[in-house]
Amino acid sequence: MSADTVTEFEKTVEKCRARAAEDPAHRPELAAALTALGVAYHDHARYPDAVALIEEAVDTWRLVDGHRPDLAAALTTLSSYYTLIGLDEEAAVAAREAADL
């Protein structure tokens, strides 16, 4: 993934944040954009940034009714990123929650 693609994802997240702030119906778009940017940061070895964005995506999915599979997927991603940075206990908690969903 190119740096230009990451920049485009960053712009998309900012637009989605503004839309979701105006209308909560746009939260699913925001959560999806946060996840995409988090994965892009992970691909560029920006692990702390990736974790922060996926945590925000999880928090956003929690606010959206009817998107349990999306929340589970975000939790699974978060679990793997936690493992990557050595947060094994947090990874296990996220993985258990994902499995429970």
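Trainee: Which side chain does Glu97 meet in a salt bridge?

Mentor: Arg62, with 2.5 Å from N to O. A salt bridge here is a side-chain nitrogen of Lys or Arg within 4 Å of a carboxyl oxygen of Asp or Glu. Before we go on, this is a predicted model, where local features need pLDDT of at least 70, side-chain atom pairs count only at pLDDT 80 or more, and totals for chains, interfaces and linings use all residues. Residues are numbered from 1 along each chain as its sequence is written, and side-chain values use heavy atoms, with hydrogens and water left out.

Trainee: Okay. Where do Glu97 and Arg62 sit in the chain?

Mentor: Glu97 is in helix α5 (residues 88–100) and Arg62 is in helix α3 (residues 47–62), so the pair, 35 residues apart, links distant parts of the chain. Helices are DSSP runs of H or I with at least four residues, strands are runs of E with at least two, and both are numbered from the N terminus.

Trainee: Is Glu97 buried or partly exposed?

Mentor: Glu97 is partly exposed, with a relative accessible area of 26%. Arg62 is partly exposed too, at 42%. For the cut-offs, buried means under 20% relative accessible area, exposed means over 50%, and partly exposed is in between, using a 1.4 Å probe and protein chains only.

Trainee: How many salt bridges are there in the whole structure?

Mentor: A search finds 7. One of them joins Glu14 and Arg17, whose closest N and O atoms are 2.8 Å apart.

Trainee: How far apart are Glu14 and Arg17 in helix α1?

Mentor: They are 3 residues apart in α1 (residues 3–22), which means about one helical turn separates them. An α-helix has 3.6 residues a turn, so residues three or four places apart point the same way. Glu14 is partly exposed at 48%, and Arg17 is partly exposed at 28%.

Trainee: Which helices does the Glu29 and Arg19 pair link?

Mentor: First, the bridge itself: the side chains of Glu29 and Arg19 meet at 3.6 Å, N to O. Glu29 is in α2 (residues 27–43) and Arg19 is in α1, 10 residues apart. Glu29 has a relative accessibility of 37%, so it counts as partly exposed.

Trainee: Let's switch to α3. How many residues does it have, and how far does it reach?

Mentor: α3 has 16 residues and reaches 23 Å from its first C-alpha to its last, close to the expected 22 Å at 1.5 Å a residue. That expected span is 1.5 Å times one less than the number of residues.

Trainee: Which α3 residues are buried?

Mentor: Among them are Ala50, Leu53, Ala57 and Thr60. The cover over the buried residues of α3 includes α1, α2 and α4 (68–84).

Trainee: What does the side chain of Thr60 reach?

Mentor: The Thr60 side chain reaches the backbone oxygen of Glu56 at 2.8 Å. That's a polar contact, meaning a pair of N or O atoms within 3.5 Å; within protein, one must be able to donate a hydrogen and the other to accept it, and residues adjacent in sequence count only if both atoms are side-chain atoms. Thr60 itself is buried, with a relative accessible area of 8%.

Trainee: And which residues is Thr60 in contact with, leaving aside neighbours within four places in sequence?

Mentor: Arg27, Leu30, Ala31 and Leu34. Contact means heavy atoms within 4.5 Å.

Trainee: What about Ser79? Where does it lie?

Mentor: Ser79 lies in helix α4 and is buried, at 10% relative accessible area. A polar atom of the Ser79 side chain lies 2.8 Å from the backbone oxygen of Ala91. Ser79 also touches Ala91, Ala94 and Ala95, not counting residues up to four places away in sequence.
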